[in-house]
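Subject: A structure for you to look at

Hi there,

Here is the structure I promised to pass on to you. Please open it alongside this email and follow along as you read.

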Amino acid sequence: MTPEEAGCPPLDTLARLTVLDPGDASVRRVRARCLAELAPSTRRGAAAAPRLEQAAALTAVGGFLAAIVTAALRLLAAR
Amino acid sequence: MTAVDRELELRLVAQLRAGEAAAFDQVYAHYNRRLFSFLARLARSRDVAEDLVEEVWLRLVAQRDRLRPDTRFGPWLFTVARNLYLSYCRSRLLENAHLPDAAEGCPAELFRSPFEATAATEFERQLETALAQLPAAYREVLLLVAVEGLRPGEAATICGVSPEAMRQRLSRARALLAQRLDDARRLPVGVPREVLP
């Protein structure tokens, strides 16, 4: 707003007009719908973490078993 | 949000892009009443405003991934709100209402509670009436610049016009508003408003 516009009484008064309130039911409904829309991405993120941990554990166990089998085969071959 | 809060706004944009509900809550708390007031006065209907404001928020959530990191929530939300209002007018075959208004508004219906109604002074009521009687193209610039405090440059972007066109539209809107207020003051008590030109 230019200084000239800021000095215009109707514009000054417009800035002080009552802020209108939407109904409480509407406020709650909109918020709930939006949070529900946001929730899947949060859940996806939360669900991805355990899957990564499981994959890491399986890899470690697999590597350990492979090492045991390799060592056993070497022992058998040495005989 | 003031310029001082810009840093907070940038952080909220990043958090909302990441899907954080707390960030949404902050933006919602800050802008919901302002958006509702803007739309209620633009559409001159609380019911229409409630429907449109819901759609604005759902769009923000649905399009959060596509928000630019430097997004300003105010202009973004008011642009979407205005576009949804225009779509609503088109869907109601009222697109001409954006230039000459077809129906007279009833500002009293904008006040939800007796408290809101009595809180408004007589001059405020005259102002609401005068505002409601302006063509929507002028009403929206006054709502954006004078009521919401957006910069004329931001209002120009929201309305899709050049800064110069916005300056002219704002000037014309001010003159029309002053004229309507003057007419209202000169109107004798008890004369129906319908007789106004």
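In what order do the elements of chain A run from the N terminus on? They run α-α-α, and chain A has three helices and zero strands. Before going on, please keep in mind that this is a predicted model. Its scores are ipTM 0.75 and pTM 0.73.

**The two chains**

Chain A has 79 residues, and 22% of them count as buried. Chain B has 197 residues, of which 49% count as buried. The secondary structure of chain B comes to nine helices and zero strands, so to read its elements from the N terminus on is to read α-α-α-α-α-α-α-α-α. If you look at the contacts in chain B between residues at least 6 apart in sequence, you will find that 68% of them join residues at least 24 apart.

**Where the chains meet**

On the side of chain B, 38 residues are in contact with 29 residues of chain A. Together the two chains bury about 3400 Å² between them, with 63% of that on carbon and sulfur atoms.

Which elements of chain B give two or more residues to the side that touches chain A? They are helix H2 (21-43), helix H3 (46-62), helix H6 (122-133), helix H7 (136-147) and helix H9 (163-186). H2(B) gives the most, with ten residues. By class, this side of chain B has 22 nonpolar, three polar and 13 charged residues.

**Two spots inside chain B**

Now go to the loop between H2 and H3 of chain B, where you will find B:Arg44. B:Arg44 has a positive phi of about 55 degrees, although it is not a glycine. Is B:Arg44 buried or exposed? It counts as buried because its relative accessibility is 16%, and the cut-off for buried is under 20%.

The other spot is helix H8 (residues 152-159) of chain B, in which B:Glu154, B:Ala155, B:Ala156, B:Ile158 and B:Cys159 are buried. What covers the buried residues of H8(B) includes helix H4 (73-91), H7 and H9 of chain B. Just after H8(B) comes B:Gly160, which takes a positive phi of about 70 degrees.

**Where to be careful**

The mean pLDDT of chain B is 84, and 78% of its residues reach 70 or more. Over residues 100-106 of chain B, though, the pLDDT is below 50, and this stretch has ten contacts in the model beyond near neighbours in sequence. Residues 190-197 of chain B also have a pLDDT below 50, with nine contacts beyond near neighbours in sequence. Where pLDDT is low, the predicted coordinates should not be read in detail.

Happy exploring, and do write back with your questions!

Best wishes

Technical notes: Residues are numbered from 1 along each chain as its sequence is written. Chains are lettered from A and ligands numbered from 1 in the order in which they are written. This is a predicted model: local features need pLDDT of at least 70, side-chain atom pairs count only at pLDDT 80 or more; totals for chains, interfaces and linings use all residues. Side-chain values use heavy atoms; hydrogens and water are left out. Contact means heavy atoms within 4.5 Å. Buried area is the accessible area (1.4 Å probe) that two parts lose on being put together, summed over both. Helices (H or I, at least four residues) and strands (E, at least two) are DSSP runs, numbered from the N terminus. Ala, Val, Leu, Ile, Met, Phe, Trp, Tyr, Cys and Pro count as nonpolar, Asp, Glu, Lys and Arg as charged, and the others, Gly among them, as polar. pLDDT is the predictor's confidence in each residue, from 0 to 100. Buried means under 20% relative accessible area, exposed over 50%, partly exposed in between (1.4 Å probe, protein chains only).
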